[in-house]
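Please look over the sequence and the model shown below. The briefing that follows goes through its salt bridges, its sheet with the helix beside it, and its nonpolar cores.

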Amino acid sequence: MNNKMSSADHLAIGEPQSGSVSNRGRSVYAIVDCDCFYCSCERLFDPSVTGKPVVVLSNNDGCIISRSDEAKSLGVRMGVPYFEAKSVIEKNGVKAFSSNYHLYGDISMRVMDTLRALVGRERVEVYSVDEAFLRLDHIDPERLESFAVEIRDTVQCWTGIPVSVGIAATKTLAKIASRLAKKEKARTGCTLLLLDEEVQRKALMETRVSGIWGIGRSYASKLIGLGITSGWELRNMPESWAHTHLGGVVGRRLIRELRGEPALTMREELDGKKMIATTRMFGRPVTALNELKEAVATYTSRAAEKLRRQQCAATEISVFIVPREENYSLDFRNAPQFTARATLSQATSLTNELIKSAMRLVEEIFSPGATYKKAGVMLGKIRPDVSIQGNFFRTDSGRSNRYLMSAVDNVNFSMRDDVVKFVGTGLDKSWKMRQELRSKRCSTRWDELKEIT
DNA sequence: TCTGGGGTCCTAGGACCC
DNA sequence: TCTGGGGTCCTAGGACCC
């Protein structure tokens with residue numbers, strides 16, 4: 001889940017569009033967006049909740065992060081704490097699930113593979129676990145509408161996941177199209193084209209600025225304060241104005257995109273993450289240093305696995321811990337946190353080496369007597385791991401350790417999480433997050449296959 | 001009592017260099 | 001009294017995304 005908007009190479013201002021130049025200079029982007037993805041995944045293997053209200057909870061069963069349409073119409077809001085919504089949920093028999101990322105990740109791959117089969121691998125940019133941009137400038141304009149329907153029906157048929165499709169001349173307009181398509185499902189059938197100028201104008205007029213991709217909470221309230229409330233009004237502002245008020249070049253791009261001039265092109269295949277983080281709330285408050293260390297060691301092994309999966313090594317590691325605040329104020333998210341960072345003498349992806357530094361960092365920031373609710377590990381300065389291909393300058397022990405890690409990764413992946421692990425990560429892990437309502441990982445674990453009786 | 005996790009990009013400003 | 005100009009690199013912080 002990453003590749004947000006644009007990097008410098010997406011900046012197409014003042015340049016012809018590179019790479020994706022189409023026959024008639026026409027650009028056509030589609031966004032395919034899974035409908036309430038996590039809930040839809042849960043329904044795949046539990047048909048008893050089809051048509052019933054469903055929600056999926058964040059880690060630690062904290063917040064609501066996905067809602068079915070039925071749950072939405074009961075007034076269950078996105079992002080609210082579970083305990084606040086609990087009464088509505090129980091009263092209406094809403095089925096709640098803990099998040100099951102193994103399942104969602106696997107289903108996501110199937111959806112993306114379907115899209116690649118439909119338009120070709122090089123025309124698909126996976127934007128997040130439940131969304132992908134497609135480049136459709138090879139499709140005859142006459143056929144676009146039926147093609148959108150074909151995409152929707154094929155994904156539904158092959159994977160069981162309902163999707164919406166928005167099509168327009170730019171990515172930003174395509175996002176608006178899919179949003180409107182979802183909103184007016186009955187009329188649009190979940191596919192919508194914003195190619196005609198008049199249709200575009202109407203769509204932008206009924207889109208609030210807060211609903212535009214790239215306008216978050218802070219910009220939205222700023223815009224409204226300046227009297228700009230609709231997408232259409234924003235579209236008609238000068239680029240130079242956007243430069244000063246909406247974050248410089250980012251704002252300029254946004255205005256161009258809204259006018260139908262592509263300023264964000266397709267992103268190249270991911271070349272690996274620049275930062276890898278593993279952070280978690282605890283299932284209960286933690287005060288003991290050794291428990292804190294267990295947790296941080298566990299997160300470090302997880303982060304190291306991610307690092308090895310993309311065949312990289314890191315030279316920077318930082319650890320943070322968050323104390324439980326005394327008074328449960330509104331801005332609990334902005335709680336102070338204590339961070340320590342270390343630069344490693346040599347880039348590594350070995351769990352034991354990373355854990356060793358992490359432990360020192362925990363000791364640095366821990367204060368006895370304090371109570372903590374969350375901790376995290378971040379790996380930075382990431383670059384390709386050369387030792388795996390054999391680095392003459394690295395000692396043999398480093399290399400064989402790297403092979404050992406691959407073996408551990410293989411066992412843990414094929415068997416079950418953490419069959420093989422470092423003792424420092426703890427055996428009992430009573431601080432672990434709560435996940436009381438998790439469904440089975442029936443598409444990725446042999447021992448959790450769906451049984452039909 | 002209880003409030004997610006994991007990313008990206010851009011800008012401003014300081015340090016440093018010639 | 002008066003004290004250059006411009007480049008690069010790095011970091012922190014702010015914005016955004018799902």
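## Briefing on the predicted model

Glu-305 and Arg-302 form a salt bridge in which the closest N and O atoms are 3.2 Å apart, a salt bridge being a side-chain nitrogen of Lys or Arg within 4 Å of a carboxyl oxygen of Asp or Glu. The model is predicted, so local features need pLDDT of at least 70 and side-chain atom pairs count only at pLDDT 80 or more, while totals for chains, interfaces and linings use all residues. Residues are numbered from 1 along each chain as its sequence is written, chains are lettered from A and ligands numbered from 1 in the order in which they are written, and side-chain values use heavy atoms, with hydrogens and water left out.

**Salt bridges**

- Glu-305 and Arg-302 are 3 residues apart in helix α13, a separation of about one helical turn; helices (H or I, at least four residues) and strands (E, at least two) are DSSP runs, numbered from the N terminus.
- Glu-305 is buried at a relative accessible area of 15%, whereas Arg-302, at 25%, is partly exposed; buried means under 20% relative accessible area, exposed over 50%, and partly exposed in between (1.4 Å probe, protein chains only).
- Salt bridges with shared partners join Asp-33, Asp-35 and Lys-182 into one network.
- The structure holds 26 salt bridges, and in the one between Lys-185 and Asp-69 the closest N and O atoms are 2.6 Å apart.
- Because Lys-185 lies in helix α7 (residues 185-188) and Asp-69 in helix α2 (residues 69-73), this pair ties together parts that are 116 residues apart in sequence.
- Both partners are partly exposed, Lys-185 with a relative accessible area of 31% and Asp-69 with 36%.
- Glu-261 forms a salt bridge with Arg-256, with 3.4 Å between the closest N and O atoms; Glu-261 is partly exposed at 31% relative accessibility, while Arg-256 is buried at 16%.

- An open sheet is formed by 4 strands in the order β9-β12-β10-β11, with antiparallel pairing, where two strands pair if DSSP finds at least two bridges between them.
- Strands β9 (276-286) and β11 (338-348) stand at the edges with a single partner strand each, so one side of each is left without a neighbour in the sheet.
- Strand β10 (residues 312-323) pairs with β11 in the antiparallel sense over 7 bridges, and Phe-320 has Thr-339 in β11 as its bridge partner.
- Helix α13 (residues 289-309) packs on the sheet and touches β9, β10, β11 and β12 (372-384), contact meaning heavy atoms within 4.5 Å.
- Of the 21 residues of α13, 15 are buried, so this helix is largely enclosed by the rest of the structure.
- Just after α13, Gln-311 takes a positive phi of about 50°.

**Nonpolar cores**

- The largest nonpolar core has 35 residues, and Phe-37, Leu-115, Leu-134 and Leu-136 have the most contacts inside it; such a core is a set of buried Ala, Val, Leu, Ile, Met, Phe, Trp, Tyr and Cys residues joined through side-chain atoms within 4.5 Å.
- Helix α4 (101-119) is among the elements that each supply at least two residues of this core, and α4 gives the largest share, 7 residues.
- Leu-136 touches Val-28, Ala-30, Val-119, Leu-144, Phe-147 and Ile-167, not counting residues up to four places away in sequence.
- Another core, of 34 residues, lies apart from the largest one and includes Leu-292, Tyr-299, Leu-344 and Phe-366.

Key
Axes are lines fitted to C-alpha atoms, for helices over the stretch in contact, and angles run from 0 to 180 degrees between N-to-C directions.
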